[in-house]
Amino acid sequence: MPMKVTIFNGSPLTSGNTSALSSILMAKLAGRGAEVEEIMLFQKNVLGCNHCDRCRADDLPLRCSIPDDMIRLYDKFLDSDLLIFASPIYMWNLTPCTLAFITRLHCLCRSPDGHNLMKGINLALALTMGDEADVARHAVDSMSEFCEYFLINFKGDMAVPFADKDEILSGKHDEDADAFLDEILPQS
Ligand SMILES: Cc1cc2nc3c(=O)[nH]c(=O)nc-3n(C[C@H](O)[C@H](O)[C@H](O)COP(=O)(O)O)c2cc1C
């Protein structure tokens, strides 16, 4: 069975820097035998968590009550062997649609070491930014803490500083992308 990889792309641009990076990663993953799917989060109707706590009630265990596109995305999140959050850095953080998606994962866990559907998931970050890579440190730290708390395996991150889609597509970051995939994919 091929490894299932889902890339959650949080850029609003379908042909911007992050999509260029995502397309490179997708091609390389396919070349390594993985089955890859990209989901453009900005095109989905996914609200942030509203803290209704219905997911804590017994009638809706470990699922969300907000009837939007997230309902269909939970299975993608839970059934993938590896998740890559690809996002531009906006104001030192992941994009709002990516953060909204992440808040909606709240329902998947009641206690980290008890009812926790996220335990053991493999997750990595692929980030683009207009400045140097250091601007991503808050986003990387917070995702790494998020993973630690929910017992998710944080596999690593790749950053493309001073991102330029033409440079990305012309292969300038291919070596970094290969090293990133070596780091986050299981060794055969
Ligand atoms: C609203 C907004 C906020 C941004 N904030 C940052 C930032 O804090 N640091 C940075 O280096 N680049 C920042 N950028 C630049 C983007 O991260 C960069 O251009 C990125 O590669 C865009 O990816 P995209 O083409 O996929 O949208 C910002 C861009 C926008 C539109």
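## The shell around the ligand

A residue is counted as near a molecule if its C-beta atom, placed from the backbone, lies within 6 Å of that molecule. In this predicted model, 17 residues surround the ligand. The closest of these are Ser 11, Gly 16, Thr 18, Pro 88 and Asp 131.

Sorted by class, the shell holds nine nonpolar, seven polar and one charged residues. Helix α1, which spans residues 17–31, gives the most to this shell, with three residues.

## The packing of α1 and α6

Two packed helices are described by the angle between their axes and the distance between the axes. Helix α1 packs with helix α6 (residues 174–184) at an angle of about 55°, and the two axes are 10 Å apart. An angle of that value makes α1 oblique to α6. The crossing of the two helices is right-handed.

On the α1 side, the residues that meet α6 are Ile 24, Leu 25, Lys 28 and Leu 29. Their partners in α6 are Asp 174, Ala 177, Asp 178 and Leu 181. By class, this contact between α1 and α6 has five nonpolar, no polar and three charged residues.

## Two buried residues

Leu 25 lies in helix α1. Is Leu 25 buried or exposed? It counts as buried, because 25 C-beta neighbours are found inside 10 Å and the cut-off for a buried residue is 20 or more. Apart from residues up to four places away in sequence, Leu 25 touches Ile 7, Ile 84, Ala 126 and Ala 177. Of these, Ala 177 is also among the α6 residues that meet α1. Leu 25 and Ile 89 are 64 residues apart in sequence, and their C-alpha atoms are 18 Å apart in space.

Phe 8 is placed in strand β1, which covers residues 4–9. Phe 8 is buried, since 25 other C-beta atoms lie within 10 Å. Leaving aside residues up to four places away in sequence, Phe 8 touches Ile 39, Leu 41, Leu 83, Phe 85, Ala 86, Thr 98 and Phe 101.

## Two loop residues with positive phi

Trp 92 has a positive phi of about 65° although it is not a glycine. Where is Trp 92 placed? It is in the loop between β3 (82–88) and α3 (96–103). Trp 92 counts as partly exposed, because it has 13 C-beta neighbours inside 10 Å, and this class lies between the limits of 12 or fewer for exposed and 20 or more for buried.

Leu 151 is also a residue other than glycine with a positive phi, here near 60°. Leu 151 belongs to the loop between α4 (137–149) and β5 (153–160). With 14 other C-beta atoms within 10 Å, Leu 151 is partly exposed.

Cys 52 is found in the loop between β2 (35–40) and α2 (70–79). How many other C-beta atoms lie within 10 Å of Cys 52? There are 13, and Cys 52 is therefore partly exposed.

Cys 52 and Cys 64 are separated by twelve residues in sequence. In space, the distance between them is 9.3 Å, taken from C-alpha to C-alpha.

How values were computed: Residues are numbered from 1 along each chain as its sequence is written. This is a predicted model: local features need pLDDT of at least 70, side-chain atom pairs count only at pLDDT 80 or more; totals for chains, interfaces and linings use all residues. Helices (H or I, at least four residues) and strands (E, at least two) are DSSP runs, numbered from the N terminus. Ala, Val, Leu, Ile, Met, Phe, Trp, Tyr, Cys and Pro count as nonpolar, Asp, Glu, Lys and Arg as charged, and the others, Gly among them, as polar. Axes are lines fitted to C-alpha atoms, for helices over the stretch in contact, and angles run from 0 to 180 degrees between N-to-C directions. Angles under 35 degrees count as roughly parallel, over 145 as roughly antiparallel, 65 to 115 as roughly perpendicular and the rest as oblique. A crossing is left-handed if the near helix is turned anticlockwise from the far one by less than a right angle, and right-handed if clockwise. Two residues are in contact if their C-beta atoms, placed from the backbone, lie within 7 Å.
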